[in-house]
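Please look first at the sequence and the model below, and keep both in view while reading the report that follows.

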Amino acid sequence: EITKEQRALMKAIVDAYNRHQIPQDVAKKLLQEQYSPEENFLLLTEMATSQVQVLVEFTKNIPGFVSLDREDQIALLKGSAVEAMFLRSAQVFSRKMPSGHTDVLEERIRKSGMPEEFMTPMFNFYKSIGELHMVQEEQAILTAITILTPDRPYVKDHQAVERLQESMLVVLRKLCVLQHPQELQYFARLLGRLTELRTLSHYHAEMLTSWRMNDHKFTPLLCEIWDVQ
Ligand SMILES: CC(C)c1onc(-c2c(Cl)cccc2Cl)c1COc1ccc(-c2ccc3c(C(=O)O)csc3c2)cc1
């Protein structure tokens, strides 16, 4: 019962999601570089910077996004970047990466000078995403839904964003019923992860502050999207 235009919407989002990925040479660095807190932090910074670039390209391909008010587009990207990156890196964790990327990413995050108290919620989230066994379409649409969240700071035209998010929520709900017929509450569980993402995003803001305290440097792109420095 997915309509023609809903299928077109889903295809556009999934194609954009697959088209825009971290370049292999950047991802491969996870395996190559040394292990020291400084080296790990630098690598993670490079990953995040590359991921933000990928995220911007993906977002521009979400049907209707570029027709939104320009300033609202920026507000949505800034407000959702961390959450979208948690979703993306969570999928890296749950996907048994070839050549052991997964534990390498965990290893580097654990030894990057990140304050201990953020590790537990972060890795609990990664585990809870892994347990969902999301198909690629669900991952792509859930990321788009996260980006098109109307109540981000400084968004002016709530309505316009809500309309776009609404149409994607409808598609996601139908997809969940089709992909996970046994699990009646699967869609509700997926949305529950979005709530968890908000909490992680608040933790992340504190993490940034504590990193800046012991003067960790970020790239210009990250400074801009996270309003630091
Ligand atoms: C500035 C830096 C220290 C930082 O601050 N907070 C976070 C941060 C952390 Cl530590 C966790 C979650 C979110 C953020 Cl922003 C980070 C690191 O952010 C990352 C963002 C994205 C990846 C990431 C994505 C995709 C892929 C793929 C793939 O797609 O094939 C293969 S390898 C890989 C790696 C890793 C780390």
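His 133 is placed in the loop between helix H6 (116–132) and H7, where helices (H or I, at least four residues) are DSSP runs, numbered from the N terminus. The phi angle of His 133 is near 50°, which is a positive value in a residue other than glycine. At 62% relative accessibility, His 133 counts as exposed, a word used for residues over 50% relative accessible area, while buried means under 20% and partly exposed lies in between (1.4 Å probe, protein chains only).

This is a predicted model, in which local features need pLDDT of at least 70 and side-chain atom pairs count only at pLDDT 80 or more, whereas totals for chains, interfaces and linings use all residues. Residues are numbered from 1 along each chain as its sequence is written, and side-chain values use heavy atoms, with hydrogens and water left out.

Tyr 154 belongs to the loop between H7 and H8. Its phi is near 70°, again a positive value in a residue other than glycine, and Tyr 154 is exposed, with a relative accessible area of 75%.

Two packed helices are described by the angle between their axes and the distance between the axes. Here the axes are lines fitted to C-alpha atoms, for helices over the stretch in contact, and the angles run from 0 to 180 degrees between N-to-C directions. Angles under 35 degrees count as roughly parallel, over 145 as roughly antiparallel, 65 to 115 as roughly perpendicular and the rest as oblique.

| Helix pair | Axes come within | Crossing angle |
|---|---|---|
| H7 (residues 136–147) and H8 (residues 158–179) | 10 Å | roughly 155° |
| H3 and H7 | 11 Å | roughly 90° |
| H4 (residues 70–94) and H7 | 8 Å | roughly 155° |

With its crossing angle of roughly 155°, H4 is roughly antiparallel to H7. The crossing of H4 and H7 is right-handed, which is the case if the near helix is turned clockwise from the far one by less than a right angle, and left-handed if anticlockwise. On the side of H4 the contact is made by Leu 76, Ser 80, Glu 83, Ala 84, Leu 87 and Gln 91, and on the side of H7 by Gln 139, Leu 142, Thr 143, Thr 146 and Ile 147, where contact means heavy atoms within 4.5 Å. These residues divide into 5 nonpolar, 5 polar and 1 charged. In this classification Ala, Val, Leu, Ile, Met, Phe, Trp, Tyr, Cys and Pro count as nonpolar, Asp, Glu, Lys and Arg as charged, and the others, Gly among them, as polar.

H7 and H8 are also roughly antiparallel to each other, but their crossing is left-handed. In H7 the residues Glu 137, Glu 138, Ile 141, Leu 142, Ala 144 and Ile 145 meet Gln 165, Met 168, Leu 169, Val 171, Leu 172, Leu 175, Cys 176 and Gln 179 in H8. By class, this contact of H7 with H8 has 10 nonpolar, 2 polar and 2 charged residues.

H3 and H7, in turn, are roughly perpendicular to each other. Their contact involves Leu 55, Phe 58 and Thr 59 of H3 together with Ala 140, Thr 143, Ala 144 and Ile 147 of H7, and by class it has 5 nonpolar, 2 polar and no charged residues.

**Some buried residues**

Ile 145, in helix H7, is buried, with a relative accessible area of 0%. Leaving aside its neighbours within four places in sequence, Ile 145 is in contact with Gln 165, Met 168, Leu 169, Leu 172 and Leu 194. Ile 145 and Ile 62 are 83 residues apart in sequence, and their C-alpha atoms are 9.9 Å apart in space.

Thr 59 has its place in helix H3 (residues 37–60) and counts as buried at 0% relative accessibility. Not counting residues up to four places away in sequence, Thr 59 touches Phe 65, Leu 77 and Ile 147.

His 204, in helix H9 (residues 186–213), is buried too, with a relative accessible area of 8%. When its neighbours within four places in sequence are left aside, His 204 is in contact with Val 82, Phe 86 and Trp 226.

How many disulfides does the structure hold? The structure holds 0 disulfides, a disulfide being a pair of cysteine sulfur atoms within 2.5 Å. Cys 176 is buried, with a relative accessible area of 1%, and Cys 223 is buried at 13%.

Notes: Helices (H or I, at least four residues) and strands (E, at least two) are DSSP runs, numbered from the N terminus.
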